[in-house]
Protein chains: 2
Amino acid sequence: MKKIISKLSSLILRTPLIPFNLPDLMLASNIYLKPENLQIFGSYKIRGIVSVLQESDLDSLQSGLSAASAGNMAQAIAFSAQQLKIPCRIYVPESAPQTKMLAIQKLGAEIIQLPYADIWKIVRGDIELPTDRMFIHPAFNTSLLKGYSIIAHEIIEEMPDVDAIVIPFGVGGLSLGVGHAIHQLNPHIAIYTCEPETASPLKTSLQLNKPSSVQRIPSFVDAIGTPEVLPQVFHQLAAIVKDSLVISLNDIKQALKHLYFNNKLVCEGAAACSLAAAMQLAKLGKYQKIVCILSGGNIDTNVFKESIL
Amino acid sequence: MKKIISKLSSLILRTPLIPFNLPDLMLASNIYLKPENLQIFGSYKIRGIVSVLQESDLDSLQSGLSAASAGNMAQAIAFSAQQLKIPCRIYVPESAPQTKMLAIQKLGAEIIQLPYADIWKIVRGDIELPTDRMFIHPAFNTSLLKGYSIIAHEIIEEMPDVDAIVIPFGVGGLSLGVGHAIHQLNPHIAIYTCEPETASPLKTSLQLNKPSSVQRIPSFVDAIGTPEVLPQVFHQLAAIVKDSLVISLNDIKQALKHLYFNNKLVCEGAAACSLAAAMQLAKLGKYQKIVCILSGGNIDTNVFKESIL
């Protein structure tokens with residue numbers, strides 16, 4: 001089992017920082033991309049899962065893993081469990097596309113379909129889950145967040161003079177993992193999160209200075225854009241995040257196009273949201289070097305094709 | 001001028017080696033991608049141009065640059081000349097798509113359109129060019145090849161135990177630059193080139209053991225697939241290349257699809273040809289670790305969309 005975990009760990013890519021090639025700004029450009037879409041299964045999640053596996057005792061792993069997700073997390077966990085030959089259960093929103101469900105099923109995971117609201121209740125801790133599988137919470141599992149924090153270390157190692165960092169905000173795992181590490185490494189770096197206009201509870205929470213919920217409109221930006229900010233997440237983020245930038249779906253599509261044409265990267269909405277936010281920041285002229293985290297690349301092919309028209 | 005050259009040099013990306021994420025072979029996979037499509041203007045060419053600029057005396061640069069190309073080389077040179085505020089002339093095949101011509105023109109370069117056969121005559125040295133601009137030959141300029149050779153150094157540094165390397169073969173610049181460096185660093189590494197079935201003169205030349213030409217069928221794989229191998233190129237490559245793998249257009253399209261779905265990379269035909277060749281090699285089971293160079297990502301958007309259907 002240790003050998004397989006070490007093998008899984010070897011699949012994690014140390015992603016480079018890539019200059020954003022916007023031709024008009026070329027040499028003046030100060031945006032850098034951290035392309036986590038290049039990770040196996042197309043997102044940063046594998047970094048967290050491997051960290052959880054490394055820090056769990058092997059006996060407790062035998063009973064298997066569980067998670068609530070329709071997307072990036074589900075595939076990374078299901079794959080890891082498959083390789084470890086342990087059971088895996090995924091709570092999936094009924095709205096998840098059939099292709100994603102099939103992908104998870106193909107990796108041998110048990111799927112439990114629930115209404116989106118119930119999935120969110122699981123994340124809030126309002127539904128008690130069977131304890132036969134170790135549940136990996138997307139924002140509260142410290143080992144998971146430790147795995148994500150490596151992204152911060154890689155950024156600072158490669159670019160110690162970075163001024164600002166943009167992190168896509170969903171449930172808060174990536175924001176907390178990367179945000180805390182950045183803040184610890186250099187508290188002068190401005191930390192921003194980003195959210196789509198269709199659901200931006202962190203922006204609202206920061207404005208009201210309390211954890212808040214919003215009316216969430218489902219959109220193609222499905223890896224971020226949640227209905228609310230969990231209180232524990234809010235209090236930690238409020239202390240380190242400068243602002244949460246709210247991005248229009250139109251700007252997100254433009255960013256998808258830039259990523260395709262100028263940087264040859266296939267990204268999902270959350271990642272493009274991060275670039276669009278960085279472009280907003282760049283216009284302020286306040287920061288020399290901005291890094292935006294391209295969290296993933298799992299986009300519906302039809303949406304992708306439309307966006308690169 | 002020196003400052004601008006140094007700035008241009010800072011735009012070159014040290015590309016990572018990325019495991020090819022073919023889900024079925026996942027943990028057994030032994031193919032690694034060198035994604036040069038992530039470079040500025042979507043190809044490895046910038047590495048060569050910057051090397052030429054660094055090794056030229058500044059007075060001789062003042063008169064400007066010229067090159068024969070419709071694609072990757074043209075944009076990288078035109079951009080460099082624009083930044084240096086020196087003239088630039090590009091000999092472009094009449095068959096080149098209007099969008100590419102516009103892109104080159106937008107970068108301020110003078111365009112001279114010629115039939116494809118005449119472009120090839122320039123490459124062969126059969127047409128005398130005006131000497132008012134420094135002509136950068138795609139395969140004979142040693143500074144250019146030195147720039148390309150860095151790719152080999154990066155690969156060996158990151159993966160000293162690589163067994164085989166696949167290089168897309170066009171005129172021969174990349175094959176010579178990378179091939180010679182690999183051979184010098186470790187003569188035990190098997191060096192393969194790849195070509196599309198529509199034009200594979202190196203394969204024919206190796207079989208006949210003399211530089212040969214073939215009937216070239218134009219295809220979407222436009223960055224490689226030339227009508228002949230220049231004698232000087234042939235004699236140097238024959239000494240170090242194990243074989244040139246000929247890949248069907250169908251296999252190239254399959255590889256484009258894999259690169260999109262599994263690795264979130266936008267690649268052009270030449271790069272996908274390289275992956276398809278690596279997959280052929282992997283099936284032989286002879287090599288533990290194969291690196292294929294993804295030479296570029298400048299693909300016609302309609303071709304790309306069709307290939308990811």
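Hi everyone, and thanks for coming. A few ground rules before the structure itself. Residues are numbered from 1 along each chain as its sequence is written, and chains are lettered from A and ligands numbered from 1 in the order in which they are written. As this is a predicted model, local features need pLDDT of at least 70, side-chain atom pairs count only at pLDDT 80 or more, and totals for chains, interfaces and linings use all residues, while side-chain values use heavy atoms, with hydrogens and water left out.

On to confidence. pLDDT is the predictor's confidence in each residue, from 0 to 100. Chain A has a mean pLDDT of 94, with 98% of its residues at 70 or more. The scores for the model are ipTM 0.94 and pTM 0.95.

Let's start in chain A, with strand S4. Helices here are DSSP runs of H or I with at least four residues, strands are runs of E with at least two, and both are numbered from the N terminus. When I say buried, I mean under 20% relative accessible area; exposed is over 50%, and partly exposed is in between, using a 1.4 Å probe and protein chains only. Why call S4 of chain A, residues 88-93, largely enclosed by the rest of the structure? Because 6 of its 6 residues are buried. Both of its faces are covered: A:Cys88, A:Ile90 and A:Val92 are buried on one side, and A:Arg89, A:Tyr91 and A:Pro93 are buried on the other.

Which strands does S4(A) pair with? Two strands pair if DSSP finds at least two bridges between them. S3(A), residues 65-68, runs parallel to S4(A) and is joined to it by 4 bridges. One of the pairs to look for is A:Leu65, whose bridge partner in S4(A) is A:Cys88. To get from S3(A) to S4(A), the chain passes through helix H4(A), residues 72-84, in a right-handed β-α-β crossover. Right-handed has a simple test: with the strands pointing away from the viewer, the path from the first strand over the helix to the second runs clockwise.

S5(A), residues 110-114, also runs parallel to S4(A), with 5 bridges joining the two. Here A:Ile90 has A:Ile111 as its bridge partner in S5(A). The chain goes from S4(A) to S5(A) through helix H5(A), residues 98-106, and this β-α-β crossover is right-handed.

If you want one to click on, B:Ala68 has B:Tyr91 as its bridge partner in S4(B).

How do the two chains meet? Contact means heavy atoms within 4.5 Å. By that rule, 32 residues of chain B touch 32 residues of chain A. Buried area is the accessible area (1.4 Å probe) that two parts lose on being put together, summed over both. Chains A and B bury about 2,900 Å² between them, 68% of it on carbon and sulfur atoms. B:Thr301 counts as buried, at 18% relative accessibility. Leaving aside its neighbours within four places in sequence, B:Thr301 is in contact with A:Tyr260, A:Phe261 and A:Ile308.

Let me show you one in chain B. B:Arg124 and B:Glu228 meet in a salt bridge at 3.3 Å, N to O. B:Arg124 sits in helix H6(B), residues 116-124, and B:Glu228 in the loop between H9(B) (201-208) and H10(B) (231-238), so the pair ties together parts that are 104 residues apart in sequence. B:Arg124 is partly exposed at 42% relative accessibility, whereas B:Glu228 is buried at 13%.

Last one, back in chain A: A:Asp132 forms a salt bridge with A:Arg133, with the closest N and O atoms 3.8 Å apart. A:Asp132 is partly exposed at 34%, and A:Arg133 is buried at 18%. Thanks, everyone!

How values were computed. A salt bridge is a side-chain nitrogen of Lys or Arg within 4 Å of a carboxyl oxygen of Asp or Glu.
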